[in-house]
Amino acid sequence: MNKVLVAALRYAQGPGATSGLATEMVGLGLRGPVCIIASRSAQRELEATWTTVFAAAGMTFVIHPFSGECSRNEIARGRAAACGAQVIVGAGGGKALDTARAVAAELGIPAVCCPTIASTDAPCSAISAVYSDEGLFETYIFHPHNPNLVLVDSTVIARAPVRLLVAGMGDALSTWFEARACMRSGARNSRNGVSTGAGMAIAELCWRILQSDGVSALDAMKTPTATPSPALERIIEANTLLSGIGFESAGLAAAHAIHNGLTVAPEVHAFHHGEKVAFGTLAQLMLEDAPQEEITAVLNFCTSVGLPVTLAQIGLHDPSDALLLRIAERATIASDTIHNEPFQVTANAVLQAIKRADTAGRAAIQ
């Protein structure tokens with residue numbers, strides 16, 4: 001089996017990076033017409049800059065407002081709006097970018113991702129997580145290739161709500177632990193290969209940066225300046241690039257599957273992807289009987305930056321065993337990534353791991 005590493009064709013990050021969007025695109029041979037699938041907040045913040053930079057490059061564009069959920073219906077709406085476009089640009093959070101990449105893949109044209117928050121590792125990937133219109137996770141769609149360009153304007157991200165950066169750290173938190181599980185089991189990554197040494201090193205670096213810079217990055221978000229701090233720049237890169245390459249090149253395991261299971265409970269839909277993944281990571285470590293010092297390190301990190309470590313913190317107050325079993329059963333369906341763990345996983349084992357994680361989390365926040 002081949003070792004495979006996957007990544008975006010080009011990644012650019014820095015203060016005011018949006019002003020160079022058209023230049024970056026032209027440098028990659030990407031010309032209009034452009035269809036921008038944008039969240040409403042991204043459109044409010046960036047439309048004036050898009051107008052200026054695309055006019056200077058002689059490129060036309062239209063904006064399609066993203067409805068808020070990456071569903072099959074929303075992908076179909078985006079495809080209809082993009083008729084005649086030669087490039088799809090996604091702008092906003094993870095679900096807007098997932099939709100944009102799915103539309104580009106269906107049309108067979110290049111995709112550009114411009115995240116306005118660092119809340120998930122979606123921007124660099126060739127994968128879209130598809131939900132129902134009501135927010136229930138349905139499936140992953142694997143696209144033929146990664147985005148041609150990922151452009152990250154750190155000035156824009158520094159102005160976003162702090163909670164979104166924290167959620168991104170929750171998503172990034174799982175990267176190393178899921179990569180390690182896949183390495184131990186020999187599981188295949190998203191491109192039907194196994195991880196390279198580079199993929200594993202990137203995944204581990206992601207975890208190291210979270211521990212060293214997470215709190216400092218949050219402090220910088222709370223006292224914004226014209227130029228984001230070095231710690232904040234490193235966390236944006238960890239959340240977006242390192243976690244993106246790490247999860248896609250090394251693989252997913254229990255943490256994301258437990259996230260998917262949690263979506264069967266309507267109470268969790270108000271919480272961000274990375275917040276649920278953070279709890280899923282803690283549950284994965286319980287499932288694996290990880291060393292106590294590792295569990296403590298994850299608990300300490302989560303509590304230091306404000307990530308959830310209990311079921312109550314993701315909306316599940318005193319859930320019944322019947323509900324937890326439904327969550328565990330969804331997490332262990334045959335097609336989900338929990339089976340990349342290096343041992344056989346049952347729904348009952350996941351149920352017990354979720355309970356152990358909740359117990360440890362409640363002890364940590366007392």
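## Basis of the model

Because the model is predicted, local features need pLDDT of at least 70 and side-chain atom pairs count only at pLDDT 80 or more, while totals for chains, interfaces and linings use all residues. Residues are numbered from 1 along each chain as its sequence is written, and side-chain values use heavy atoms, with hydrogens and water left out.

## The largest pocket

The largest pocket has a volume of about 900 Å³. It is lined by 43 residues, and those nearest its centre are Gly 93, Gly 94, Lys 95, Ser 119 and Thr 120. On a 1 Å grid over the protein atoms alone, a pocket is an open set of points with protein on both sides within 12 Å along at least five of seven lines, a cavity is a set where a 1.4 Å probe fits but cannot get out, and lining residues have an atom within 4 Å of a point. Grid points are joined across faces, edges and corners, and a volume is the space filled by probe spheres set on the points.

Two or more lining residues of the largest pocket come from each of helix H2 (40–56), helix H4 (94–107), strand S6 (127–131), strand S7 (137–142), helix H6 (162–185), helix H9 (254–262) and helix H10 (273–287); helices (H or I, at least four residues) and strands (E, at least two) are DSSP runs numbered from the N terminus. H4 provides the largest share of this lining, five residues. By class, the lining of the largest pocket holds 17 nonpolar, 17 polar and nine charged residues, where Ala, Val, Leu, Ile, Met, Phe, Trp, Tyr, Cys and Pro count as nonpolar, Asp, Glu, Lys and Arg as charged, and the others, Gly among them, as polar.

The lining of the second largest pocket comprises seven nonpolar, seven polar and five charged residues.

H6 and H10 pack at an angle of about 35°, with their axes 7 Å apart; axes are lines fitted to C-alpha atoms, for helices over the stretch in contact, and angles run from 0 to 180 degrees between N-to-C directions. The crossing of H6 and H10 is left-handed, a term used if the near helix is turned anticlockwise from the far one by less than a right angle, whereas right-handed applies if the turn is clockwise. In this contact (heavy atoms within 4.5 Å), residues of H6 including Arg 163, Asp 171, Phe 177 and Arg 180 meet residues of H10 including His 273, Glu 275, Thr 281 and Leu 285. The contact of H6 with H10 divides into seven nonpolar, six polar and five charged residues.

The axes of H6 and H11 come within 10 Å and cross at roughly 165°. That makes H6 roughly antiparallel to H11, given that angles under 35 degrees count as roughly parallel, over 145 as roughly antiparallel, 65 to 115 as roughly perpendicular and the rest as oblique. The crossing of H6 and H11 is right-handed. Val 166, Met 169, Leu 173, Phe 177 and Arg 180 of H6 make the contact with Glu 294, Val 298, Phe 301, Cys 302 and Val 305 of H11, and by class this contact has eight nonpolar, no polar and two charged residues.

## Packing of H9 against H12

The axes of H9 and helix H12 (residues 321–331) come within 7 Å and cross at roughly 130°, which makes H9 oblique to H12. The crossing of H9 and H12 is right-handed. Ala 257, Ile 258, Asn 260, Gly 261 and Leu 262 in H9 meet Ile 327, Arg 330 and Ala 331 in H12, a contact with five nonpolar, two polar and one charged residues.

## Two backbone features

Most residues other than glycine have a negative phi, and most peptide bonds are trans. Gly 32 and Pro 33 are joined by a cis peptide bond, with omega about 0°, and Pro 33 lies in the loop between helix H1 (21–27) and strand S2 (34–38). Asp 289, although not a glycine, has a positive phi of about 55°; Asp 289 is located in the loop between H10 and helix H11 (292–305).
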